[in-house]
Amino acid sequence: RTAPGQVQLTEVHMPAAQLLGIEALDDAYMASVEFSGMIREDASAGPSPFREVWNMTKPTNGRGGWLVAGVQALQ
């Protein structure tokens with residue numbers, strides 16, 4: 001846990017991403033991307049594996065970029 005005024009540093013090692021799918025909704029596109037690798041959030045601990053699926057949306061009208069709609073941890 002980070003004390004007030006201290007900066008928390010997160011290190012990601014061996015990151016990988018895989019597009020799981022994309023679909024067109026009524027007014028937006030939705031993409032699901034799996035991210036995995038090793039992560040260390042505590043300088044005194046070793047890295048731990050992680051796997052997450054990020055669901056992102058983008059308006060079909062071309063205005064605006066991709067926004068994270070949800071994140072699901074797989075392990």
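**Entry 1: Arg40**

Which residues does Arg40 touch, not counting residues up to four places away in sequence? I looked, and the list reads Leu9, Thr10, Glu11, His13, Ala45, Gly46 and Pro47. I count a contact when heavy atoms lie within 4.5 Å.

A note on what I am reading: this is a predicted model, where local features need pLDDT of at least 70, side-chain atom pairs count only at pLDDT 80 or more, and totals for chains, interfaces and linings use all residues. Residues are numbered from 1 along each chain as its sequence is written, and side-chain values use heavy atoms, with hydrogens and water left out.

Arg40 lies in strand β2. Strands here are DSSP runs of E with at least two residues, helices are runs of H or I with at least four residues, and both are numbered from the N terminus. I then checked how open Arg40 is. Its relative accessible area is 23%, so Arg40 counts as partly exposed. The scale I use calls a residue buried under 20% relative accessible area, exposed over 50%, and partly exposed in between, with a 1.4 Å probe and protein chains only. I also took a distance from Arg40 to Phe50. They are 10 residues apart in sequence, and their C-alpha atoms are 9.9 Å apart in space.

**Entry 2: the chain as a whole**

I stepped back to the secondary structure. The chain has 0 helices and 4 strands. Read from the N terminus, the order is β-β-β-β.

Next I looked up the overall dimensions. The C-alpha atoms fill a box of roughly 45 × 30 × 15 Å along the principal axes. The radius of gyration is 16 Å, whereas a compact globule of 75 residues would have one near 11 Å. That radius is taken over C-alpha atoms, and the globule rule is 2.2 Å times the number of residues to the power 0.38.

How much of the chain counts as buried? I found 12% of the 75 residues. The accessible surface comes to about 5700 Å², and 53% of it belongs to carbon and sulfur atoms. These areas come from the Shrake-Rupley method with a 1.4 Å probe; for residues, only the protein chains shown count as cover.

I looked at contacts along the sequence too. Among those between residues at least 6 apart, 33% join residues at least 24 apart.

**Entry 3: charges and salt bridges**

I noted 5 positive and 8 negative charges, with mean positions 5 Å apart. Lys and Arg count as positive, Asp and Glu as negative, while His and the chain ends are not counted. Each charge is placed at NZ of Lys, CZ of Arg, CG of Asp or CD of Glu.

Side chains of opposite charge can pair when their charged atoms come close. How many salt bridges does a search of the whole structure find? It finds 2. A salt bridge needs a side-chain nitrogen of Lys or Arg within 4 Å of a carboxyl oxygen of Asp or Glu.

Glu11 is partly exposed, at 27% relative accessible area.

I also found Glu34 and Arg51 in a salt bridge, at 3.1 Å from N to O. This pair links distant parts of the chain, with Glu34 in strand β2 and Arg51 in strand β3 (residues 48-59), 17 residues apart. Is Glu34 buried or exposed? Glu34 counts as buried, at 17% relative accessibility. Arg51 is partly exposed at 33%.

I followed the Arg40 contacts to Pro47. Pro47 is in the loop between β2 and β3. Its relative accessible area is 38%, so Pro47 is partly exposed. Pro47 touches His13, Met38, Ile39 and Arg40, leaving out residues up to four places away in sequence. From Pro47 to Gly37, 10 residues apart along the chain, the C-alpha separation is 9.4 Å.

Val12 is in strand β1. At 44% relative accessibility, Val12 is partly exposed. With residues up to four places away not counted, Val12 touches Met38, Ile39 and Phe50. Val12 and Ala45 are 33 residues apart along the chain, and their C-alpha atoms are separated by 13 Å.

Most residues other than glycine have a negative phi. Met14 is not a glycine, yet it has a positive phi of about 55 degrees. Met14 belongs to strand β1. It counts as exposed, at 65% relative accessibility.
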